[in-house]
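Trainee: May we discuss the aromatic residues of this model and their surroundings?

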Amino acid sequence: MKAADLAALLRPAQWIKNGFVFAALVFSLHLTDRAAVARTVAAFVVFCLASSAAYAGNDCLDAARDGLHRSKRSRPVAAGRILPRQAALLSLALAGLALAGAALAIANAAVDLERDAAVGLASVATALGAVYTGFKGIM
């Protein structure tokens, strides 16, 4: 498994969407609060892990169909450069890390609302990725 293939599987270019968590710093006027910035960066990392887990799982499940698609057939799993089993294991590992990161945020949260929001958002992000991957073929 080459680094370029791994990067393509994880889709880091899509992580920009997870930047929405930084809006809380702006609107709460906590840009200079180091603890708040650290929590927000941690939330961003958790969301990146969760979204990459969903992308890897999706590519694993859709490998055969993506192999027939004009642009998707060059994706690492569809092209055979990463095995579906490897993508599935990576997906599970990333989802586990995302949930562990959320649990760590819960353990370290000073405010109940922040703790509840951290676990809720990370859990929802991970669950939505799994639901999307599992049910998109039905819809």
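**Aromatic residues and surface**

Mentor: At 72% relative accessibility, F27 counts as exposed, where exposed means over 50% relative accessible area, buried under 20% and partly exposed in between, with a 1.4 Å probe and protein chains only. The model is predicted, so local features need pLDDT of at least 70 and side-chain atom pairs pLDDT 80 or more, while totals for chains, interfaces and linings use all residues. Residues are numbered from 1 along each chain as its sequence is written, and side-chain values use heavy atoms, without hydrogens and water.

Trainee: How many aromatic pairs does the structure hold?

Mentor: Rings of Phe, Tyr and Trp (its six-membered ring) pair if their centres lie within 6.5 Å; planes under 30 degrees apart are stacked, over 60 edge-to-face and the rest tilted. By this criterion, the number of aromatic pairs is two.

Trainee: Which class describes the pair of F20 and F47?

Mentor: The ring centres of F20 and F47 are 5.4 Å apart. Their planes stand at 80°, so the pair is edge-to-face.

Trainee: Is F47 buried or exposed?

Mentor: F20, its partner, is partly exposed at 46% relative accessibility. For F47 the relative accessibility is 9%, so F47 counts as buried.

Trainee: Which class describes the pair of F22 and F44?

Mentor: F22 has a relative accessible area of 30% and is partly exposed; F44, with 22%, is also partly exposed. Their ring centres lie 5.5 Å apart and their planes meet at 45°, so the pair is tilted.
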